[in-house]
Amino acid sequence: FHHDLSLLIREAKYLDRTGFEVPEAALNVALQEDKYHGYVESLDAMLVAYRGVVGSLAPVEAELLQEQIREMRSALAKGFTLLNWSSLSIPEFVDSCGKAIARFGAVVKTIGKNAGIIGGVVSAIGSAQLVRQPAAAAELPELSEFYDEAEKHRQATVDELVRQYHKIGPLLVKVEEAVVSTNSGAAPQLRAYYGHWEREVFKALSRMIIAGIERL
């Protein structure tokens, strides 16, 4: 609402209290001060919720949810064109916007939960130690013994990482279900999102291998 409306209400109220004659139209506006402030508070709260959920998105998530963001903004668009402060449907507008924001927030929460787990797997890959330094001992182990222990450790590490990596596919399917309501594991709408995690896994593998080479 225009800032002058608040100014009008305040001045009309004070002028009326001091005995000045106030135009009826201005007085009628001033008498609706509580309703006006109630509208402002509810709209502000709704916009805070909107900015909070949109502002929480990572760039890759914002790209993934472009369609959902458009749908949510279409619910808010009515407030820019069809409504003014005296409209009787403002409470219904706020309620419908709140529901749209809540639906979007639920999708964002689902994506965030699964992305957090995927991120944990990627982090585990990147920090894994393929090469373990031999324990301090009075005598150096035989070469064959050292090789057997190193290979055993490497294989166990790789097996565990493969087990964790296999979690990523089902998690991406859950994201797909939340975003496009399918469970194919290969949704075209998630192409950029798949690519994001592929790059993250590749970078994690690179860090792991480089760290292993440096320990040799």
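Hi everyone, let's start with a helix pair: α6 and helix α7 (residues 143–165) pack at an angle of about 160°, and their axes lie 10 Å apart. Axes here are lines fitted to C-alpha atoms, for helices over the stretch in contact, and angles run from 0 to 180 degrees between N-to-C directions. That angle makes α6 roughly antiparallel to α7, where under 35 degrees counts as roughly parallel, over 145 as roughly antiparallel, 65 to 115 as roughly perpendicular and the rest as oblique. The crossing of α6 and α7 is left-handed, meaning that the near helix is turned anticlockwise from the far one by less than a right angle, with clockwise being right-handed.

Who touches whom? On the α6 side we have Val121, Ala124 and Ile125, and they meet Leu161, Gln164 and Tyr165 of α7. A contact means heavy atoms within 4.5 Å. By class, the α6 and α7 contact has five nonpolar residues, one polar and no charged. For the classes, Ala, Val, Leu, Ile, Met, Phe, Trp, Tyr, Cys and Pro count as nonpolar, Asp, Glu, Lys and Arg as charged, and the others, Gly among them, as polar.

A word on what you're looking at. This is a predicted model, with local features needing pLDDT of at least 70 and side-chain atom pairs counting only at pLDDT 80 or more, while totals for chains, interfaces and linings use all residues. Residues are numbered from 1 along each chain as its sequence is written, and side-chain values use heavy atoms, with hydrogens and water left out.

Now the overall picture. The protein has nine helices and zero strands; both are DSSP runs numbered from the N terminus, helices being H or I with at least four residues and strands E with at least two. Of the 216 residues, 31% are buried, where buried is under 20% relative accessible area, exposed is over 50% and partly exposed is in between (1.4 Å probe, protein chains only). Among contacts with a separation of 6 or more, 67% join residues 24 or more positions apart.

Back to α6, which spans residues 90–127, and its packing with helix α5 (residues 66–81): the angle is about 170° and the axes are 9 Å apart. So α5 is roughly antiparallel to α6. From α5, the contact uses Gln68, Ile69, Met72, Ala75, Leu76, Lys78 and Gly79, and from α6 it uses Phe93, Cys97, Ala100, Ile101 and Phe104. Those residues split into nine nonpolar, two polar and one charged.

Two alanines next. Alanine 62 sits in helix α4 (residues 59–64) and is partly exposed at 28% relative accessible area. Setting aside neighbours within four places in sequence, alanine 62 contacts Leu57 and Ile69. Its C-alpha lies 9.7 Å from that of valine 108, 46 residues apart along the chain. Alanine 45, in helix α3 (residues 33–55), is partly exposed too, at 48%. From alanine 45 to glycine 98 is 9.4 Å, C-alpha to C-alpha, across 53 residues in sequence.

Tyrosine 193 is buried at 2% relative accessibility, and tryptophan 197 is buried at 11%.
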